[in-house]
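Please read them with the structure open.

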Amino acid sequence: MFCNRFGVMNTLQRDQWKMATRVLQRFGNGLSQAKNTAQSTGQTVVLSRGLSASNHRSREDSWFKSLFVRKVDPRKDAHSHLLTKNEESNLYKIQFHNVKPECLDAYNQLCEETLPSIHNDKYYPCELVGTWNTWYGEQDQAVHMWRYRGGYPALTEVMSKLRQNKEFMKYREERGKMLLSRRNQLLLEFSFWNEPIPRKGPNIYELRSYQLRPGTMIEWGNYWARAIGYRQHNSEAVGGFFSQIGNLYMVHHLWAYKDLEAREATRNAAWQHEGWDEVVYYTVPLIQHMDSRIMIPMKSSPLQ
């Protein structure tokens with residue numbers, strides 16, 4: 001009941017089990033002593049068996065479960081308000097396009113002709129944060145990230161205006177012929193991460209995506225608010241986000257490295273900082289699934 005998926009208790013679980021066992025043993029010894037004392041002095045103990053036994057088991061079960069069951073901390077604010085920079089935080093959209101292999105070059109050219117024009121047009125309150133092709137991970141995939149300053153109203157405004165843009169609608173029609181599937185998510189940025197800004201290349205980018213257990217986002221944020229300090233030494237931290245619409249309880253961390261060797265060296269160096277191992281130890285159990293993509297920026301990407 002208290003073992004991990006390999007059937008082995010970890011150290012914390014063993015300590016909790018031992019503590020629970022000791023306390024229950026002391027509790028049982030105390031009952032036995034009280035019973036013996038009552039018998040030796042001739043006292044009569046009258047119990048209302050049904051109600052008293054039920055209440056005793058209920059209290060015992062409640063106490064015992066409290067050692068292993070996470071308590072809910074009632075809050076009056078949504079988690080997103082506690083994790084973002086302010087009430088007017090930027091809204092981000094990330095798009096995943098799975099492209100027909102034979103169409104990838106034509107797809108990239110189409111994106112490079114269309115997306116920068118939207119990014120550079122002040123008529124649209126949005127910015128292209130980055131656009132990439134996956135190198136390792138899902139193959140023949142394009143990833144685009146947009147920022148909407150002003151949140152949902154800005155997103156609504158952009159979508160409304162783009163529907164009136166004939167060139168964009170033509171782009172969507174041509175793009176649709178090249179895709180196998182597509183999906184997107186709306187994201188907010190963590191308050192303790194950098195805001196993504198254009199950077200010079202050449203760089204490779206890693207998008208690490210974590211599907212968290214429901215109810216653990218605040219806990220994740222508390223640990224990573226401290227952990228991000230261990231991962232800033234080579235300016236590798238680009239941005240950190242969590243989902244609002246799409247796959248929920250999803251976290252995305254975006255990193256930049258000069259190459260795969262630099263990635264390995266930077267990640268290994270993090271283990272030399274006191275406290276990094278503790279962050280990993282306590283955040284891994286929060287994860288249901290995780291994924292990593294190594295991405296190459298397109299020519300038109302502000303993140304190079």
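1. Leaving aside neighbours within four places in sequence, tryptophan 276 is in contact with Trp224, Ala227, Tyr230, Arg231, Ala270 and Trp271; contact means heavy atoms within 4.5 Å. Tryptophan 276 lies in helix H9 (residues 276-283). Helices (H or I, at least four residues) and strands (E, at least two) are DSSP runs, numbered from the N terminus. Tryptophan 276 counts as buried because its relative accessibility is 7%; buried means under 20% relative accessible area, exposed over 50%, and partly exposed in between (1.4 Å probe, protein chains only). Between tryptophan 276 and tryptophan 224 there are 9.9 Å from C-alpha to C-alpha, and the two are 52 residues apart in sequence.

2. A word on the source. This is a predicted model, in which local features need pLDDT of at least 70 and side-chain atom pairs count only at pLDDT 80 or more, while totals for chains, interfaces and linings use all residues. Residues are numbered from 1 along each chain as its sequence is written, and side-chain values use heavy atoms, with hydrogens and water left out.

3. The protein has 9 helices and 8 strands. Of its 304 residues, 40% are buried. Among contacts between residues at least 6 apart in sequence, 81% join residues at least 24 apart.

4. The 8 strands of a closed barrel run in the order E1-E3-E2-E8-E5-E7-E6-E4, with antiparallel pairing. The twist from one strand to the next averages 35 degrees. Two strands pair if DSSP finds at least two bridges between them; strand E5 (residues 204-212) and strand E8 (residues 287-297) pair in the antiparallel sense over 8 bridges. Leucine 207 stands opposite arginine 293 in E8.

5. Helix H4 (residues 104-120) packs on the sheet and touches strands E1 (91-99), E2 (127-136), E3 (141-148) and E4 (179-189); its direction makes about 5 degrees with that of E3. Helix H7 (residues 217-227) also packs on the sheet, touching E5, E6 (237-245), E7 (250-257) and E8, and its direction makes about 25 degrees with that of E7. Axes are lines fitted to C-alpha atoms, for helices over the stretch in contact, and angles run from 0 to 180 degrees between N-to-C directions.

6. Leucine 260 lies in helix H8 (residues 260-270) and counts as partly exposed because its relative accessibility is 32%.
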